[in-house]
Amino acid sequence: MTQLILKRLGLGLVTLWLVSVLIFAGTQLLPGDIASTILGQNATPESLARLRTELGLDAPAALRYVQWLKGFATGDLGQSLASGQPVSALLWPRFWATMALAAYAAAIGVPLAVGLGILTAVRRGSLFDRAANVLALTAVSLPEYFLGLLLILVFSVQTNWLPSLADTYPGMGFSAWIEATTLPMLTLLLVTVAQMMRMTRTAVLAVMDRAYIETAFLKGLPTRRVVLRHATPNAAAPIANVVAFNVAYLITGVVLVEAVFNYNGLGRFLVDAVSKRDFPLVQAAAMVFAAVYLLLNMVADIAAIALNPRLRHPR
């Protein structure tokens with residue numbers, strides 16, 4: 001397992017380097033730059049050229065990429081072109097805000113989704129199973145921003161139960177934070193629970209077709225005990241994989257949700273940085289998203305191998 005983890009870490013670093021090349025190239029393809037944003041439409045070519053020189057935007061792209069990658073590898077994320085502040089001072093508070101929202105959704109969503117997936121597998125073909133699958137397909141089919149707007153309409157506009165904007169601030173009380181972030185949490189929850197539930201159900205039912213499960217039924221064991229004691233432990237590897245992928249989505253797929261609810265997280269931070277053409281902020285936020293996603297995918301891969309002896313000892 002140690003050799004496997006080291007190998008996955010090496011592949012992850014290579015993948016992260018390739019992602020850094022794509023991110024830097026993508027920022028260079030964005031129309032306009034921070035100089036034209038700061039000076040406005042009436043800026044003269046001379047003033048634009050002078051400001052670009054001051055900000056270092058006139059250096060060759062390859063040199064700027066090497067300097068940026070070297071700084072990122074050593075923990076120096078650079079400075080914001082718009083405000084002159086260190087990127088790390090602006091980025092990390094937003095990152096932890098996004099992590100808090102993802103943890104809130106995961107703490108409710110993971111046990112709920114796994115439990116519903118096992119329950120629908122136990123009651124395969126029942127009315128509950130069909131209704132749960134229809135609702136799950138409906139939730140998966142709707143985009144996040146549309147689900148968010150529906151929740152705002154129901155819980156904020158019509159009933160006034162929850163605030164429509166996730167307005168958080170430093171020093172906010174826990175109960176006030178829960179109330180402010182419940183709607184974006186529910187939006188993330190609807191999508192991820194539906195996916196995890198369906199994949200958990202599929203994984204459990206795939207194990208249910210094995211010969212030893214049929215033997216357990218022939219011995220007279222009840223369905224619930226067969227599913228919980230025999231099928232579910234053997235379906236743990238794919239379930240862990242699905243859970244890890246969806247937790248990664250909770251962290252990296254919040255851009256639209258944070259924009260809809262005006263949540264002060266890393267997704268909104270990235271959107272604001274793109275609109276300002278503040279490339280160091282864009283590159284740092286995108287790299288953090290990529291690193292977290294790769295790390296969680298690596299954890300899912302290692303967990304699946306650790307839980308499956310056939311993968312640990314391939315023929």
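This is a short exchange about a predicted model and the terms used to describe it.

Trainee: What makes up the protein, in helices and strands?
Mentor: There are 15 helices and 0 strands. Buried residues account for 41% of the 315 residues.

Trainee: Why is Ser156 called buried?
Mentor: Its relative accessibility is 9%. Buried means under 20%. Therefore Ser156 counts as buried. Ser156 sits in helix α7, residues 144-158.

Trainee: Which residues does Ser156 touch, leaving aside neighbours within four places in sequence?
Mentor: Ser156 is in contact with Leu151, Leu162, Pro163, Ser164 and Leu183.

Trainee: Why does Thr187 count as buried?
Mentor: Thr187 has 0% relative accessibility. The limit is under 20%, so Thr187 counts as buried. Thr187 belongs to helix α8.

Trainee: Where does the Thr187 side chain reach?
Mentor: To the backbone oxygen of Leu183, at 3.0 Å. Beyond its neighbours within four places, Thr187 contacts Glu144, Leu147, Gly148, Leu151, Val257 and Phe261.

Trainee: How do α5 and α8 pack?
Mentor: Helix α5 covers residues 87-122 and helix α8 covers residues 174-208. Their axes are 6 Å apart, at an angle of about 35°. The crossing is right-handed. By class, their contact has 23 nonpolar, 6 polar and 1 charged residues.

Trainee: Which residues touch the most other members of the largest nonpolar core?
Mentor: That core has 61 residues. Leu91, Leu188, Val204, Met208, Ile239 and Leu266 touch the most other members. Helix α5 supplies the largest share, 14 residues.

Trainee: What does Leu91 touch, not counting residues up to four places away in sequence?
Mentor: Leu266, Phe269, Ala284, Ala285 and Val288. Another core, of 7 residues, lies apart from the largest one. Among its members are Ile23, Phe24, Tyr65 and Trp68.

Trainee: What share of contacts between residues at least 6 apart in sequence join residues at least 24 apart?
Mentor: The share is 72%.

Technical notes: Residues numbered from 1 in each chain as written. Predicted model: local features only at pLDDT ≥ 70, side-chain atom pairs only at ≥ 80, totals over all residues. Heavy atoms only, no water. Axes fitted to C-alpha atoms, helices over the stretch in contact; angles between N-to-C directions. Helix = DSSP H or I, 4+ residues; strand = E, 2+ residues; numbered from the N terminus. Left-handed = near helix turned anticlockwise from the far one by under 90°. Nonpolar A, V, L, I, M, F, W, Y, C, P; charged D, E, K, R; others polar. Core = buried A, V, L, I, M, F, W, Y, C linked by side-chain atoms within 4.5 Å. Buried < 20%, exposed > 50% of the residue type's maximum accessible area, 1.4 Å probe, protein only. Contact = heavy atoms within 4.5 Å. Polar contact = N/O pair within 3.5 Å; in protein donor to acceptor, adjacent residues only side chain to side chain.
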